[in-house]
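Please open the model in a viewer and keep the selection panel at hand.

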Amino acid sequence: MEPRALPNVVERVFAGLGRVRHARAFHPTGRLFAGTIRAFDRCPEWLPLPRRPQPALVRLSKGVGLPGAIPDVLGLALRTEVRGAPWDVLLSSHAPGSLVWLPFPAARWCGARLSTLGGLEGVGGSGVLTATGAALPHSTRLDALCTASPMTFTLSLHDFGPVGEVSLTAIAKSPAPDFDPVVNAAGLELKPTWLGAIRARAYAGSRSGRGAPRSTG
């Protein structure tokens, strides 16, 4: 197969999965929460985390959609606003240690390590964004997620350190948006470039397969 054909194959595969599941190809089951996001003082300028707390929507999900407490690739989809436009960030649980590029099942939400599985590049800097959860369930059950006490994720840049925090404070009543970190990128570019291109086709295929409208932000 020629490398140029790979994005088309990816789109067809994800469209098929979405069609069969009548849901997202990956991360089909999840819970949507409202909360806030803020940057720490040490956050570099190129990363557009808000310097003051502002609203955020967060979807916590299981990648394969395995039931109950079965370990799965856990997901965190985040939407906030940058300069009046939506900014979407998607993170998945990654392999142990510094293997932040490799998705890997996690056994519990509390302490799970998630990453963007690729780099984010802005003007003046770049890095892989990671998240670690606290005050979350010690299993992967979605029905155990609640906001009786605020659930939090610390956001970090790999090999740099903590740069911000997301707090989940209430169950969101609105439907989950179509998170798309390629379309709603807040001026950032996903790296490597070829991975961003493949992910764009995967998201498009998943939407078309389940009959969702094309993402426009």
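Select Ile70 to begin. Ile70 is partly exposed because its relative accessible area is 40%, where buried means under 20% relative accessible area, exposed over 50%, and partly exposed in between (1.4 Å probe, protein chains only). Ile70 sits in the loop that runs between strand E2 (54–62) and strand E3 (74–82). Helices (H or I, at least four residues) and strands (E, at least two) are DSSP runs, numbered from the N terminus.

A note on the model is in order here. The model is predicted: local features need pLDDT of at least 70 and side-chain atom pairs count only at pLDDT 80 or more, while totals for chains, interfaces and linings use all residues. Residues are numbered from 1 along each chain as its sequence is written, and side-chain values use heavy atoms, with hydrogens and water left out.

**The whole chain**

Switch to a cartoon view. The chain contains 2 helices and 11 strands, and its elements follow the order α-β-β-β-β-β-β-β-β-β-β-β-α from the N terminus. Of the 217 residues in the chain, 50% are buried.

**The barrel**

Next, select strands E1, E2, E3, E4, E5, E8, E9 and E10. These 8 strands make a closed barrel in the order E1-E2-E3-E4-E5-E8-E9-E10, with antiparallel pairing. Neighbouring strands of this sheet are turned by 30° against each other on average, direction ignored. Axes are lines fitted to C-alpha atoms, for helices over the stretch in contact, and angles run from 0 to 180 degrees between N-to-C directions.

Two strands are taken to pair if DSSP finds at least two bridges between them.

Move along to E2 and E3, which are joined in the antiparallel sense over 6 bridges. Ser61 has Gly75 in E3 as its bridge partner.

**The open sheet**

Select E7, E6 and E11. The 3 strands form an open sheet in the order E7-E6-E11, with antiparallel pairing. Strand E7 (125–127) and strand E11 (189–191) stand at the edges with a single partner strand each, so one side of each has no neighbour in the sheet. The twist averages 25° from one strand to the next. Strand E6 (residues 119–122) and E11 run antiparallel and are joined by 3 bridges. Within that pairing, Glu121 lies opposite Glu189 in E11.

**Charged pairs**

Show the side chains of Glu121, Glu189 and Lys191, which are linked in a network of salt bridges. A salt bridge is a side-chain nitrogen of Lys or Arg within 4 Å of a carboxyl oxygen of Asp or Glu. Glu189 bridges to Lys191, with the closest N and O atoms 3.5 Å apart. Glu189 is partly exposed at 36% relative accessible area, and Lys191 is partly exposed at 25%.

How many salt bridges are there by this rule? The count is 6. Among them is the pair Asp143 and Arg141, at 2.9 Å from N to O; Arg141 is partly exposed, at 34%. Another is formed by Glu45 and Arg51, whose closest N and O atoms are 3.8 Å apart. Here Glu45 is exposed at 68%, whereas Arg51 is partly exposed at 39%.

**The cysteines**

Finally, select Cys43 and Cys146. Cys43 is buried, with 4% relative accessibility, whereas Cys146 is partly exposed, with 41%. A search of the whole structure for disulfides, defined as pairs of cysteine sulfur atoms within 2.5 Å, finds 0.
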